[in-house]
Amino acid sequence: MSSAVRRAGRRAGERWQEVVVPWAAGTLTMLVLAGALPDFRLQSADGESATRVAITAALGAGAFGLLSAVVWPLLVRAMLLVPALVLGLLVFFLNGSLLLIALALIPVGSGAAEPETAVVVAAAMSAASSAAGASVALRDDGAYRRRLARLAGRGRRRGGRPSGPSTPGTVFLQLDGVGHDVLRDALRERTGPGGRARPPLMPTVAGWLGTTHRLTPWRTDWSSQTGASQLGILHGSNEDVPAFRWYEKETGEILVSGRPTGAAELQRRAVARTGDAGLLAADGASRGNLFSGGAGQVALVLSVAARRGRHNRSRSGYFAYFSDPANATRTAVSYVAEVFREIGQATRARIRRESPRLGRGGLYPFVRAFATVVERDVVVAAVLGDILSGRTAVYADLVGYDEVAHHSGPRGRDTHQVLRGLDRAVALIAKVTEHAPRPYRLVLLSDHGQSPGETFAARYGTTLEELVRGGCAAAAREPVVLASGNLGLVSFPDLPGRASRERIEERHPALLRTLADHPGIGFLLVTSEEHGPVVLGPGGSEHRLETGEGAATSPLRALGPGAAEAVRRTAGFPHTADIMINSAYDPATGAVHAFEEQIGSHGGLGGEQGRPFLLWPVELSPPVAAGEELVGAERVHRVLRRWLGEASGPQVPVEQIPVVRKVADESLPMGDLPAPFAVGDPGMLDKTQ
């Protein structure tokens, strides 16, 4: 027999094994559960032979697998209309329904199950089949490579791209809210009980630092939140973004960057201002972000969520992932586990009387589980698809840490668990790049950090809104008071344009001094008709930003270098509020006081919130010259753009990039990812501001 025939026979056997082993695992799981669960049986009450029972189990497993492959994607498409927070429960219900249908279709035997038992059996069969497929792929490198090559080739055919460019692609992973100092601590060895050394919280990233990658902090603008930072990073301009939310007098509306209409409007303004579609306009993909960056491939991007049409729905990324019932089951199990984990952690915090502490009941456990499990799994799977299809530039946001830190604080057991999960996600993505059709470089960054501290209301027994209204006495029309972390905004709708300090004091003589002298407030920014932008501090201190007069006693001095320039820049924005309020900051502890219900906050100045990080491969040029500080999201955009140019030459000229682009559904059928890359597997991995 020729070697070619032997190789063909071996390949056929290997491929047959990829089908038979998961089927056998499902069959065995069905047999075991039929013997263990009283409400699930594979034989009649009179009993049947072992052979007949085994045939029933094999046919049932086969029918269940076939229904999962054919019917499940259609069910998931319908589930796109269902609120995402109940998706996990529906996954179990629908998976159980498919099993009941499969049992009814068996031509022999007497398979039956109670509905609640069917849910358990279906989940166990999906997990067992997935694990069996993973073991086959892990043992057989040839099967593993064939699956990856087949997926990558399919993605390239869909995108109409040639196979495997030699120039490297770039994946930008944004670890939302992870500050430079938090990351640095997570990369260090820790001391355990008895003085024993414990591995870093993020061993994968720790292994990169000092070998393949370099780490540097960068400084945000005054508005240290995702809306301002990511708009600047992806679109090159965050001009006129004074906060996460603000009041626009000309329309009488509040613009919120975390809502689809707000994100779309901010992106439109940035593109009109720069004349550039964004960082990702040349063969890019945007995953889980507030803004598209001009990418032709998007999934879970807020700025396009309000669009209508089959390819533009914000949940299209969920369909691509959950069309695989194994993915759906694993993520649903992890989702439920995360809900109970949050309930347990909140209970422990109450028992220990930890301080500061927030109430974490209601819907919050489900919101946290969605951010740390569902959104993470879907976004990571989308990135894997982009890599396997050879996409040139990918930018993805993983928001789990930011969500948990808001309610548990930036440091502690709760956030440590999230950091471990992020490290596993990074490791998974790095592993997949080894099988990509082109080389890839991984860049990690964050959009801001978080500063700890008791909330303003908890510390002082009053909210910022109550304090403002008390200082206004009998106002003809109530001011609009908004919060963005430890940044407050006060606007007077009945005063057109930017209300000057003089007009405010004429209307409300006690207001500015009441605010500036409050112990929970660090400084105010107002505009004077005579002196321009002025910073007001306690004890009557004034810092006139245009002339520098009063800088020696300015409250901005405690906030470090660059604070005055950041405030001066914001003072020039058209939509800066009549009064901008930054909470007090304690340099000794790094604490601030959020005007929202957050014990880990960001949005203003003070502490680690304004000090995110950038981790880049050593083969790329340094972000800034030695001894220079990287300041502002717009500057980060220019650095990332330069790195893309170093990888593949000049980007598409601005005049050749259409501002309005068709948004595709997905670059690769993520449900086809091989089992070892199933991101919802608890063994692999454990829109806020």
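**Exercise 1.** How many aromatic pairs does the count come to?

Solution. This is a predicted model, where local features need pLDDT of at least 70, side-chain atom pairs count only at pLDDT 80 or more, and totals for chains, interfaces and linings use all residues. Residues are numbered from 1 along each chain as its sequence is written, and side-chain values use heavy atoms, leaving out hydrogens and water. Rings of Phe, Tyr and Trp (its six-membered ring) pair if their centres lie within 6.5 Å; planes under 30 degrees apart are stacked, over 60 edge-to-face, the rest tilted. By this rule, you get 5 aromatic pairs.

**Exercise 2.** Describe the pair F456 and Y460.

Solution. Start with the geometry: the pair is tilted, at 5.3 Å centre to centre and 50° between the planes. Next, the spacing: the two sit 4 residues apart in helix 16 (residues 456-460), about one helical turn. Helices here are DSSP runs (H or I, at least four residues), as are strands (E, at least two), numbered from the N terminus. Now burial (buried is under 20% relative accessible area, exposed over 50%, partly exposed in between; 1.4 Å probe, protein chains only). F456 is buried at 1%, while Y460 is partly exposed at 23%.

**Exercise 3.** Do likewise for W616 and W643.

Solution. This pair is stacked, 6.2 Å centre to centre with 25° between the planes. It links distant parts of the chain, with W616 in strand 23 (residues 613-617) and W643 in helix 21 (residues 633-648), 27 residues apart. Both W616 and W643 are buried.
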